[in-house]
Amino acid sequence: MNFGQQLEVPDGLGSLAAGTRYYYSGRSADHGILLIWFYRTKDKQWRVSYVHMSARLVEKELTRSPPGIKPCQWQNSLPPALVDLEGINCDELSEHAFKRKKSHLDDVQHRLESIYPLLDHEQEILQAQNPLKEIARIQKRLGLGSHVHRLQYWFFSYLLHGRNLWSLKPNTHRNGTWSRRDEVHSEKKFGRPHAGGKRRGWSSTYFREQVIESYLSRCGLGKTMRSIHSLACTEDFGCITIFDDQDRPQMIHPMNRPFPTYGQFRQIVINKFGLKQVQSTVYGQARMRKDAVVDEGNYSAQYANALESLEVDAYRCDDRPIGSASSDPLPALIVARAICGVTGKRLGIGFSIGGERQEAYKAMLVSMTMPAEMLARVYGLPKDAIRGHEPVMARSVLSDRGPAGQQSLLDGLEAKFPVKSITTSYSGQSKPTVESSNPRSTALEGAPSFIQSSHTVASMMKREVLRTLAENYQSNIIDRLTPNTLHEFHTLSYPATPHFYWKYLSDRLRTCAQSMDWRDAIRVFATPARFKVDKAGVEWKGVTFSSTKFREGLHEKLMRRGVEDIAGYTLSLVVRCVWVEVDGNLHALEPNLRIQFDQEELLLPLSSLMDIEQVKAEVDSATREAAQASLAHLHKTVKEQTGLEFSAGQRRGGSPKKTGAAHAEAKALRGVQWRRA
């Protein structure tokens, strides 16, 4: 048994009590085994006591079954007075302690110096019949200045805890931890004395519950604590304001009843609800989340597979499209996009003009399910320009509470897949992937101005489709890759972009994407419409639609039946292609080509491991080069497809004027009939 080992007596034994921690302090031939323990007096002072036990009895109790004496499960490195500091670096604690004339280290050194003479007589004390009296005798003989009780406590604390210097630390770590709400303090007013006298004011015991009720009845967004306190004092506590001879206002109670000061009111509320909750009530969750001192975690860490989370949001194009019938600026084009929350890949796109509308989100969901060739034909682009697109649908949708969160859309969503969660508006951190993926604009100061684009609505839509697809090859997502995935990207020569991360996960069947036929998507998400049947085809909004397949008997069949109109579907701002429902079948009124989609698979073994920083640097470099090349290709493709530069246009002074021609064209683009008064 080691010197200083701590023992317990589960059922008590003679003079030994259960629940007390005893320290083995050696043995002698004359007195047997010496056990020391520490106890606290009524005046909260720590003292030392001892007992001598027969060595044979102690050994018998240690070896019996079950043992009557056994080592404590936890062997403390500090005395009972300092047990709360177990495992704490006291050296560092001393450095960060409140500055005072003497540090904790100074106190410890002073106590150690006080017991130095006793340590020279260590064996005499431990072998004595009464160790405590022996310490008192030595103290008196050597003229030691410290009190004998303190010397006894310091001596055994230091000796029985491995001569740990910090076992001599004063037990001041719990100072100030008592509760002011204890009944013994109910009549005393704490805190800094009032300027009008130290006895002015009342203890918070008198009005604590009333303060809580008053706060709850008045708190809310934008309501500060000081304004709530002012109303509470006058309306709930019945206080009045008077002015002294120097015209200084003072708040008093006409019946001299207790009421809280501002400091008391604030302290009671914060103690009850916590500072974070109180601030959230005043400033709102969005501001508290934005200004949080520490992050609550990585948002994407909860997901592991492609399309395990889908985020949708919309952004406004900086430049205003030009009207096709006039040079007037039209309302801004709104682009709604669906983005994989894990890989960052852009999966779908939809449009509206003048505002964030449901139809844009519906068109976005339909585009997710379209094959590349159909998506190209819908927006008037060659199939080769739709790089990396593949039809998918998510099992869950994460949206803000804009038009995408309206009940009419949700009803359709729930018919095909569950909505996982809907975040509050103006809460970008709830959907960080899509928010961080939106194009950035430079905030300008001074007089207002706007960019008048040379693009029409149609060419601007082409530009945004190409931009969205190009970002799958431009965005750097290297920080999302785990070290193992980073090594595999390096081996496969993959740049760290959304497209290749999606491909990497899909090739390994790490995907939550599901299939949804584009016809079903059109029936669920597209905008219903009625099409008039005439000899030329079907007419909608003054435009006639037809197709080769439609003319091969189906058109004539409808005419012979005398059908005047049929049901169909359209997409927001899209008139290149519509779909009609005939005999339960959906027909596109443009050629419906057979699509062959070959997905390349590249599975190479990981041949070697390299330094993670070097690998990351090389992958990052490849990603920058790939992004630059993709950006150049984007600008070239936009010019080829639209005949205009990517940023063609000029900045004009002032705000865009709302002309009649522009207003009429915007309504026509949204499919709103123009009616004359």
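Q: Buried means under 20% relative accessible area, exposed over 50% and partly exposed in between, using a 1.4 Å probe and protein chains only; which residues of helix H17 (residues 483–492) are buried?

A: In helix H17, the buried residues are Thr485, Leu486, His487, Glu488, Phe489 and Leu492. Helices are DSSP runs of H or I with at least four residues, strands are runs of E with at least two, and both are numbered from the N terminus. The model is a predicted one, in which local features need pLDDT of at least 70 and side-chain atom pairs count only at pLDDT 80 or more, while totals for chains, interfaces and linings use all residues. Residues are numbered from 1 along each chain as its sequence is written, and side-chain values use heavy atoms, with hydrogens and water left out.

Q: What is the mean pLDDT of the chain?

A: The mean is 80, and 81% of the residues reach 70 or more. pLDDT is the predictor's confidence in each residue, on a scale from 0 to 100.

Q: Where does pLDDT stay under 50?

A: Residues 412–424 are one such stretch, with 40 contacts beyond four places in sequence in the model; a contact means heavy atoms within 4.5 Å. Residues 591–611 also stay under 50, and the model has 37 contacts of that kind for them.

Q: How many helices and strands are there?

A: The chain has 22 helices and 21 strands. Of its 677 residues, 44% count as buried. Among contacts with a separation of 6 or more, 64% are between residues 24 or more positions apart.

Q: Which residues touch the most other members of the largest nonpolar core?

A: That core has 80 residues, and Phe351, Val378, Tyr379, Leu571 and Trp579 touch the most other members. A nonpolar core is a set of buried Ala, Val, Leu, Ile, Met, Phe, Trp, Tyr and Cys residues joined through side-chain atoms within 4.5 Å. A second, separate core of 32 residues includes Ile36, Ile115, Phe156 and Leu159.

Q: And what does phenylalanine 351 touch?

A: Leaving aside residues up to four places away in sequence, phenylalanine 351 touches Leu333, Ile334, Val335, Ala360, Tyr379, Met461, Glu464, Val465, Ser572 and Leu573.

Q: Moving to rings, how many aromatic pairs are found in the whole structure?

A: The search finds 15 aromatic pairs. Rings of Phe, Tyr and Trp (its six-membered ring) pair if their centres lie within 6.5 Å; planes under 30 degrees apart count as stacked, over 60 as edge-to-face and the rest as tilted. Phenylalanine 38 and tyrosine 153 have ring centres 5.6 Å apart and planes at 85 degrees, so this pair is edge-to-face.

Q: Where in the chain do phenylalanine 38 and tyrosine 153 lie?

A: Phenylalanine 38 is in strand E3 (residues 32–40) and tyrosine 153 in helix H6 (residues 148–160); the pair links distant parts of the chain, 115 residues apart. Both residues are buried.

Q: What about phenylalanine 489 and tyrosine 494: buried or exposed?

A: Both phenylalanine 489 and tyrosine 494 are buried. They also form an edge-to-face pair, at 5.6 Å centre to centre and 90 degrees between the planes. Ring pairs link Tyr473, Phe489, Tyr494, Phe500, Tyr501 and Tyr504 into a cluster.

Q: Which arginine lies over the face of tyrosine 473?

A: Arginine 387 does, at 4.3 Å from the ring centre. The criterion is NZ of Lys or CZ of Arg within 6 Å of the ring centre and within 35 degrees of the ring normal. Arginine 226 lies over the face of tyrosine 262, at 3.9 Å from the ring centre.

Q: How many disulfides are there?

A: The whole-structure search finds zero disulfides, the criterion being a pair of cysteine sulfur atoms within 2.5 Å. Cysteine 239 is in no disulfide, and the nearest cysteine sulfur, that of cysteine 233, is 4.8 Å away. Cysteine 239 is buried, at 6% relative accessible area, and cysteine 317 is buried at 5%.

Q: Back to the backbone: which residues does a cis peptide bond join?

A: Serine 65 and proline 66 are joined by a cis peptide bond, with omega about -5 degrees. Proline 66 is in the loop between helix H1 (55–63) and strand E5 (70–71).

Q: What phi does lysine 44 have?

A: Lysine 44 has a positive phi of about 65 degrees although it is not a glycine. Lysine 44 is in the loop between E3 and strand E4 (46–53), and counts as exposed at 59% relative accessibility. Just after H17, serine 493 also takes a positive phi, of about 60 degrees.
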